[in-house]
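Please look at the sequence and the model before reading the notes on individual residues, strands and helices.

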Amino acid sequence: MKITNRTPLNWRALQTEVAKILMECGFKTELEKKIVTVRGNVEVDVFSEKSAGINTKILCECKFWESNVPQNVVHSLRTIVSDSGASHGLIISKNGFQRGAFKAIENSNISLLTFDEFQDKFLMDWLESIITRNFELGQELLPFTQYNYIETYEEQELNILSGEKRNEFYKIKNECDESYVDFLTLKEHYFELPKSIVSKIEVDKRIIQYEKRLPLEIKCYSDYYNYIYHYGDQTLKKFDNLFQKKLRRNLYG
C-alpha cells in the first residue's frame, strides 16, 4: 500500500499532495513560497521545514510534465538549494527523468522521484508521525472508556451531570468500540523495535486484523489511520459536549 491512493491529475494537485504528506510527517509546509537566496528571491513549489535538534529544510519542485525532466532543471534546483542553505532538494515528476538528470544529481543533496517513489521515501516518517498523532488522541480518549472512570475522573465530575446526561455518558462509553481505542493507544507495538527494522509487514498485519471490522475498504494507509483518528476525535467531542468542557486525564501519571 501507499500513503495515499489519490492520483494527482494536474500540477497543482501534485504539489498539494506532496505538501500534505510532508505536513503529515511533521514538517511546517508552504506552497509556492518565495525564499531568499544569495542571488535574490526565488519561488519554489513546496517549502518544508522541521526543527528537531538540527533544522531541516526541503525544497520541492513538482513537474507534471508529459515528457521526462531534463538535467537543466536539476542544475537549477541544485543552485537554489545551495544558495538558500536548504538541506535537501526534491524533484517529483509525473513521468520520470532523462538520463542526464540522474548524472546531474551525483554528489548532491538532490533526489529525483516519481510520486510513488516520493511516498515510499517518506513512508516510515509518515507512519511514525501519524501513529504518534493517533496515540496522543488515544491517550485523551482512553480514560473515558475505562471501567474505573469514576475513580480516575473524580466522582464529583460525573455528579455534575443530570440523570439523563449521565445515562448519555454511559451510552457513549458503551458504544465506543474498544478495538479502535486499543489501536489508538498501542503505539509501543510500532516503536519497540529500531525504526530500520519496523517493517510494512508488521503494520500491514495489524491493518488486516482490524480492516474487517471497519465500514470501509482500506486502499491506502491514509484510509485506515485517518478513519481511526476521525472515530476517536468524534467520540472525544461527544464527551466534551456532554460535560460542556474538556476533561483530560492521564491514566499513567
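Thr4 counts as buried because its relative accessible area is 4%, under the limit of 20%. This value, like the others here, comes from a predicted model. The residue belongs to the segment before helix 1. The points below begin with its surroundings and then turn to the sheet, the helices across it and the nonpolar cores.

**Surroundings of Thr4**

- Leaving aside neighbours within four places in sequence, Thr4 is in contact with Glu17, Ile21, Phe115, Gln119, Cys220 and Ser222.
- A polar atom of the Thr4 side chain lies 3.0 Å from the backbone nitrogen of Arg6.

- Five strands form an open sheet in the order 1-2-3-4-5, and their pairing is mixed.
- Strand 1 (28–37) and strand 5 (110–114) are the edge strands, each of which pairs on one side only.
- On average, neighbouring strands of this sheet are turned by 35 degrees against each other, direction ignored.
- Nine bridges join strand 1 to strand 2 (residues 40–52), and the two strands pair in the antiparallel sense.
- Leu31 has Val46, in strand 2, as its bridge partner.

**Helices across the sheet**

- Helix 1 lies across strand 1, strand 2, strand 3 and strand 4, and runs at about 100 degrees to strand 1.
- Helix 2 (residues 71–84) lies across strand 1, strand 2, strand 3, strand 4 and strand 5, and runs at about 150 degrees to strand 4.

**The nonpolar cores**

- In soluble globular proteins, nonpolar side chains tend to be buried together.
- The largest nonpolar core in this model has 32 residues, of which Val18, Ile92, Phe118, Trp126 and Tyr225 touch the most other members.
- Two or more residues of this core come from each of helix 1 (11–24), strand 3 (54–63), strand 4 (88–93), helix 4 (115–145), helix 10 (200–211) and helix 11 (221–243).
- Helix 4 gives the largest share of this core, with eight residues.
- Which residues does Phe118 touch, not counting those up to four places away in sequence? They are Val18, Ile21, Leu22, Leu90, Ile92 and Leu113.
- Another core, of 18 residues, lies apart from the largest one, and its members include Ala86, Ala101, Ala104 and Ile105.

Note on methods
Residues numbered from 1 in each chain as written. Predicted model: local features only at pLDDT ≥ 70, side-chain atom pairs only at ≥ 80, totals over all residues. Heavy atoms only, no water. Core = buried A, V, L, I, M, F, W, Y, C linked by side-chain atoms within 4.5 Å. Buried < 20%, exposed > 50% of the residue type's maximum accessible area, 1.4 Å probe, protein only. Helix = DSSP H or I, 4+ residues; strand = E, 2+ residues; numbered from the N terminus. Contact = heavy atoms within 4.5 Å. Pairing = 2+ DSSP bridges. Axes fitted to C-alpha atoms, helices over the stretch in contact; angles between N-to-C directions. Polar contact = N/O pair within 3.5 Å; in protein donor to acceptor, adjacent residues only side chain to side chain.
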